[in-house]
Amino acid sequence: MDYVLAALVGVFVSLGIYLLLSRSVIRMLIGMTVLGNGVNLLIFTAGRVTREVAPIVPAGLDAPAGPIANPLPQALILTAIVIGFSMFSFLLVLAFRAYKSLDADNTDTMRLAEPENAPQPPLSY
Amino acid sequence: MGLSLDASIALVALAPFLAAILAPFIHRLAGSYSAWILAIVPAGIVMLLIRLAEPVIAGGTIAAAIDWVPSYGLTLAFFLDGLSLVFALTIAGIGALIVLYSGAYLKGHPHQGRFLAYLLAFMGSMLGLVLADNMLALFMFWEATSITSFLLIGFDHNRQAARRGAIQALVITNIGGMCLLVGAIVAQHLSGTWLLSELRGLEGVLKDSALYGLVLALFIGAAFTKSAQFPLHFWLPNAMEAPTPVSAFLHSATMVQAGVYLLGRMTPVLGGTSVWTGVLVAFGGVTLIWGALGALKETDLKQILAQTTIASLGLLVLLIGLGSEAAIAAMLVYFVAHACYKAGLFMVAGAVDHEAGTRDITALGGLADKMPVTFIGAALAALSMVGLPLTVGYFAKEEMYLALVGGDWLMLVVLALLVIGNALLAGVALIVMIRPFLGDALPTPKSAHEAPVAMLAGPILLGGAGVVAGLLPDWLGHDVLAPGATAILGHAVEPHLKLALDLASPLIWLSALTWLLGIVVFRQAHAIRTVLRRLSAGLGWSADTVFDAVMFGLIRFAATVTRALHHGKLEFYLVVVFVALAVALFWPMLALGGLDWIVPTAELGDWSKRLVLPELRPYEWGVVLLAVLGLLAVLIAQSRLIAILSLGIQGTALALIFLLFGAPDLAFTQLMVEVLSVVILTIVMTNLRLDARDHRPFEDWARDGTLAVVCGAGVSLLLMLVLTGTLDTRLSDFFTATSVPIAHGANIVNVILVDYRGFDTLGEISVVMGAGIAILALLRRRKKAEGAGP
Amino acid sequence: MTELPQAMIETVTLAADWVLVLPIVLALLGAAALLVVRRSNNLPVLGAVLVIVAIIACEISLLLRVVSEGPLSMTMGKWLPPFGISLTADLFGAAFALAASVVTLVVVLYAEIDREGNDGRDGFHSMVLLLLAGVTGSFLTGDLFNLYVWFEVMLIASFGLIVSGGSPLQLDGAVKYGFLNFLATTLFLLALGLTYGLLGTLNMADIMRVAPEANRAAMTGIAALLLLAFGMKAAAFPVNAWLPASYHTPTPAVSALFAGLLTKVGAYALLRSLVAILPDSRDVLEPVLAVLAIATLVIAPLGAIAETHLRRAVGFFVIGGIGAILAGLSLPNVIGIAGAGIYIFHAILAMTALYMVVGLVEARTGASDTRQMGGLYAASAPLSILFFVLILAVAGVPPFLGFWPKLLLLEAGVVDAELGWVGSAMVVALVINAVLTLIAGTRLWSHIFWRNGPEGLPASGEPMALVAPTPRVRLAFGAVSVLVLGVVLIGLWPNPLIEVGQRAAADIVDPSRYVEAVGLAGVEP
Amino acid sequence: MNTVIFRTAAPLIVATMLVFSVYVCLRGHNEPGGGFIGGLIAAASIAVFGMASGVPAVRRALKVDPLAIASFGVLLAGFSGLLSLFIHAPFMTSIWLYLELGDTTVPLSTPMFFDIGVYFVVFGTLSAIALALESDHEEDL
Amino acid sequence: MSAAAFVDLSSLIALILLGVALLVSIIRIVIGPTLPDRVLALDLMTVVAMGFIGAIAVRTGLMLYLDIAIALALLGFLATVALARYILRRGLKTDAAAMEAQS
Amino acid sequence: MSGAFLVVILALGWAGITGNFSGLNLLFGGLIGGGALLILRYSIRQQGALGRAGRVLSLVGLFLYELMVSAINVALIVLHPNLKSALKPAIVAVPLTVKSDAEITLLANMITLTPGTLTVDVAEDRSVLYVHVLAMESDTALIAGIANGFEARIKEVFQ
Amino acid sequence: MIGDIALCLGGVLLILGAIFTLLAAVGVVRLPDLYTRMHAASKAGAVGGGLVLLAVAMVSMDAAVVLRAVIGVIFVLLTTPVSAHLLARASYIAGYHAGESTLRDDLKTRLEQSSGS
Ligand code: NA
Ligand code: NA
């Protein structure tokens, strides 16, 4: 099943990248989320997958009776999810403000910082 | 003075810098009298050097070293031998006069203090350069001369021409500086020492190395740029944009001579080979003639002198290239002669300009009456330049002819070249002496009268020195020539200068021929100028115009490249990143056999066996399918909001995958975050008036799609490659074993988050808090900015 | 009951070891505390200065410790490595952290220049401290995933700083900055996941031990991903577009802070990961690194020549510096690494100072485009000196600080030239970079300082009118002067720096002391 | 969204969510949940509250600046890590304390305070963001 | 068949049914035609997911999954409210074409 | 009074979900509930006493029954081969006799969850409930059914 | 024994819940317009989701879990009609009118009157 998940990671990454190239800031954000999800799934898969046994020690025991899912990748992903969500929130509000100020959702028309018709540098000393 | 020898030598190099730092303050206190005060420093250095001269003349070397960067084996080592002594004395001596001269020349200029500071710093750099034993220190002083001369040349900074001259000089000399640095590093790499004094003893280490050509090219590159050898000579005339004292200083004995000094210094380790001789003689010869002809083309006094400087530099390089005892001796004498007369003539030119208001020789005439002392100074210098007997210039000429007479036919060609060059220079000298001062008086912009004492001291003293030296050939030979040549050649050289007008010797006839031709040139100056100007106009370009073309071409090229790479389209920037990602994913895998696992092998078995439909249960397939469908739904969504809704599908599916494979905490968080993402996306979209539809241009989807699929496939393959190995579960095993008994928590994931790796979580919540601050910073300004706007 | 390894029970941490973790924790707690008082007039700046001074004190003592005793390590929660998160300071880490704090202190003072237009309520000082926490954490951590976390801390703080003020220009810059940088950290995360999947560990010292036995193709692929991710953070060509797109948009103080800290962390991460942790992969990637370094070295100064927006032009100097650092990384000898490390140190000081000076230039001329500038040379000698010195330092002209790393890099190139094309190509690229940088710098100097005023203003006319400096501008001037003085003085007496750089580089190339400090020396792989 | 039905039902919904959030936070050490999810649910309840009753009402109800809550969370988490300075252990070494209160033993530990810190950070930040996005006119943020 | 086995079987059946329900509900999300239709379907999907989680809880015997289901209900409600608000303010404009096609 | 009551309910609920009815846990639950109510203190208006357990239970019973019927009804309609004939949708104005917020809300929610009806809106003057009906046979029967069923029981509970 | 009965009951409830949920999904796809679909989603969804929660409660046989499940059910029953109402109202006011087959529309009349006067 690792390989199915590995392939699924590729699908996530592909779509994320495709959306990131869409020029619409909102779609790019969606792409960022999808890409992030793909990466999270990748970490999960890279930690090897077991079915259904949560890494929780049953009450009264010192250690789980049998094999359990690998807890470390889960903790890493949790951290990554939270961070990713924070970044996502910021970028979303940024997109919102950018749209309000620049009147554009299309990154091709967002050229204030790097103007399209910047004059040639002066040929003087 | 109770200074030890080595302390004195360090003082020689460093005192001018101290004076430079103080100069603006002294100027603030003392006005233009500050020049008199500051001139004490170079004058004192001259005294100090004279005091130090005795052991050097006796054949010794004075060395001093300050530990500077011991971790890099770098000492601030100075040494004074015959060569450095000649240069240092010239630099400090002329420097004192120049400082004095500047006090009068720039009297009342608001930035005179600054000027004096630059001048002194430049002098310090020059002295450091000629005294430095360590190649790195030499390089640093070398760069310091470039920088300080940049500031000096651009001193009249309001004029574009001055700025251009400064930048041009800096660019050219900096290229040379880089050559010197790399050359020094290579030399050190080959020889194991940074010290010139040690390198000198390792004669074969560079010459016999496979890298000799490279080292030679680097050092010659450094010397040629600094010493304005053809075709890199063009910066020098443009440096005439500097105030005249600068020209007088930089182009007589100092900055441009640094290259000559370097070549002299490197002669023992690089010289003597046929390449060395060939290159130096060829370039020196061409430069000599080119400069001399260039001088005849000009009518501006300073430009004429600048061009003759180029010629003289060519001559010096040529002589070093010849490398014989006589040639080296000639080089040294010529160096001293040139330093004296050229500095004097520049100062004269400055005085004329200062008093008469123009430097154009066609607009000047008969100034001798109004400026008699200036004329005397000019005449003394010019006669030395012509090479009349009783001047030091005469000996210079004699020595160089002596070096070539009786040589093979190649030497005779060089000799002919020298005669022609000297004749041209003699003609120019006559022009400079006679045109402005004799003949009919012409009206000038300012009514001319004698220059102030401070401006006269230089020409008179230097012109006088030229004559005095010419009268004391034994002293010249013994105290200047012998130690200098010894230092360059590495073996003792006998002094042999004497004034012997022996008609049997070919030398006298060569001199006579030179003078005769010089007079012809003087008489035909106008015609020659006309022809030369026509020729150069016919050529249509010069090295100088090429420089502009290169610079402007560089600027245009830079603009083109920069606009192409940074044109502001985020999409393009992302494409670049993803192309790089694709390369990063596939290149190592393909190069190192990372895809071999796909190919069936005996021990791994058929890959269809390994990838046989994994034992996923139907509902698990359903969830995987749900994820894929959710992603497709996002892909085909017609509007942003529909895409946002569809985003919820894949998020939910992912959470369910986590849940199915034993990660409840993950599933929990993923679900919550996914839903909340949809919520805040929706809240934001509620406040935006966006077009309903959005789609990328049709022609882009194929490119984007291909890139996306390639990257996705790369990630999958790399992940699968990683999965072919077994995971080392040390960490998780430890966590599992200790979670309850030691960390007191049953939910291992949570224990990792708050205990084992709590430090990560501390950073993570800082990110969350930071997001809050950042978002509020974004939103809070909105009202203010919009309120302020129209 | 499960037994803990004996070491975990017996290890007693000296209170003095806390100098390793306090800089980060103080910065974080300071950021949180200043957030509460952000509406007060003077508390935020006073608090920030106090906190940073405390951090600097810790870091000085840390650096002295590391100099005298070698790398210092502390593992959080007493879960000895590789289980817990280790903070490990070697010479480079400690020195960079110290430089970062000093620079931040200067910027905090300098930022008072903007106080008239900024009432502080958007949490500027909190974000600065958060940024410092992220940067310091990145320099001191010994755990790859923890490095990711500090990267993100740094990133979110920089997000807040880059938009604070909220002009449309900033928003445009922030969109590009935001997406590309977040993408970079996401790629880093991707590489991290694969690293864990391949090696089963995240502790850097532990990775050093186990990486050589891992699948070579996979390991190199991961290293290539790290190179891409950190290369983006470091603004290496060709993935550097975010920098010139955004660095000129926030206030000069923020630009300065970014220039000094952000890209350097990326470069440091490259140094740590590719050279120290994964040296085998570095060898495979060397030609790629070399090509990137050469391209960055040559192309970046072209941007500085072409740009007329002053701060954008300066941004290309920052990128050029990254080229120099990459050059050091692609030359596999101690001298090159030392050069790269010292260059990072130099760039932290010089690039920050340069942006601050440029901010003063903008304040005096009231313009941001060099075509509208001029007349500063006559008007302000001190400002001229600061700018001139920094331009020379950036171009690597002696005796300023920037010369020494260039020297080391050139030497490394010459030494390496015997082994292949990389060394000689690098020397040529470094030389071209130096010349082009000097051309760009002197053009700026000529246009902004020497020229009377904007293009077309007659040379003989009155110089252009300048804005009179306010007391706040004077304070800012004092702040930046301190930094420039540092650039000059360290340049004049570079011995301690070079010594530290060489020793640090030796520790990077042969990390046995690092591994030993972490406490993994005896563990069987 | 100003309907009688929503307005009336909202307090009940919000109260349920808040209580649930604390529960999820506190039992995270032994079962799925924890500070982050707890804080997230709490913030979601604030968002529901804001949609039903308007932002000013929520601000009045919260009294404290939400970002100050977040700041408090970071301080709490940070100081819970600093405590180990006093036991000569590295940063964030956990310290456990068992309070005997009558018949029950209440375990107090630094990781628990840490997790509560996480809760407050998430709650404060997300509430601040939600309220800022919701507010239609200039507010004292 | 023991009770435990029955529960196991029934949970499998439930999971399959719910899996189908998940797939069916996304049909409406994709085809719309109007925004409220999609929102409705998404809301339904959260309920289905809730059921799915409950079924997994039964299947694995880990009752703690129940809380995830409840939390999902809590946040699903928030999402629907937010989307309803969007529809109220912006809805028809984004759907003009879809509405025309429908009528 | 109702506040204190709610705190007790929430405390009990807390004890229930944590599975620990010890005094300390109840106290803690009360604290949390109190905190939650503190945040909501402006929103909770005087609500009628919910003490009449019998009426409440009867209402609950009715509701649960109707809910099941409703669900099955909808299920049948969904599975009906000829949807067109099974459906007779309409939006009907149902006059209201209950007046308080709580009553209206409860009624509206119950209507939504029961057979064939769904509350779309409440008139601003609170006199009318707009109900979407899936298969309308007669409007009077519908209105009467609501008035005599849920509306009457709710009134009883809230008296 | 009681445990077995509870288990079996739980299993039955689980399947029932799943069936109802599936039917809700089918309804949302099959029914002709927005408002009719809402019936399916709200009722069947609430019942299906609620039944599954109850099934969990039955299987667990743990008072705490039962109580939580019941609270969950109550929450579902509390929120489902509210969100259905909000969605229906928002859609209606935004202009998504009921399908053509709708026999009568009092709300439309009302809105037209209020806008007319
Ligand atoms: Na948890
Ligand atoms: Na947790």
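This is a predicted model: local features need pLDDT of at least 70, side-chain atom pairs count only at pLDDT 80 or more; totals for chains, interfaces and linings use all residues.
Me: Is B:Asp665 buried or exposed?
Reply: Buried means under 20% relative accessible area. B:Asp665 has a relative accessible area of 3%, and therefore counts as buried.

Me: Which residue bridges the sodium ion (ligand 1) and the sodium ion (ligand 2)?
Reply: The sodium ion (ligand 2) is coordinated by B:Asn750 through ND2 and by D:Gly33 through O, at 2.2 to 2.8 Å. B:Asn750 belongs to helix α32 (residues 748-756) of chain B, whereas D:Gly33 sits in the loop between α1 (4-26) and α2 (35-53) of chain D, so this pair joins two chains. B:Asn750 is buried at 3% relative accessible area, and D:Gly33 is buried at 10%. The two sodium ions lie 2.8 Å apart, and the residue bridging them is D:Gly33.

Me: Which elements give two or more residues to the nonpolar patch?
Reply: The patch lies on the surface, has about 460 Å² of accessible area together, and consists of B:Leu632, B:Leu635, B:Ile636, E:Ile27, E:Val30 and E:Ile31. The elements giving two or more residues are α27 (618-636) of chain B and α1 (3-31) of chain E.

Me: Where is E:Ile27 placed?
Reply: E:Ile27 counts as partly exposed, because its relative accessibility is 37%. Its place is in chain E, in helix α1.

Notes:
Residues are numbered from 1 along each chain as its sequence is written. Chains are lettered from A and ligands numbered from 1 in the order in which they are written. Side-chain values use heavy atoms; hydrogens and water are left out. Patches are made of residues with over 30% relative accessible area and no salt bridge: like charges are joined within 9 Å, nonpolar side chains (Val, Leu, Ile, Met, Phe, Trp, Tyr) within 5 Å. Accessible areas come from the Shrake-Rupley method with a 1.4 Å probe; for residues, only the protein chains shown count as cover. A salt bridge is a side-chain nitrogen of Lys or Arg within 4 Å of a carboxyl oxygen of Asp or Glu. Helices (H or I, at least four residues) and strands (E, at least two) are DSSP runs, numbered from the N terminus. Buried means under 20% relative accessible area, exposed over 50%, partly exposed in between (1.4 Å probe, protein chains only). Donors are N, O and S atoms within 2.8 Å of the metal (3.2 Å for Na, K and Ca); water is not among the atoms, so sites may look incomplete.
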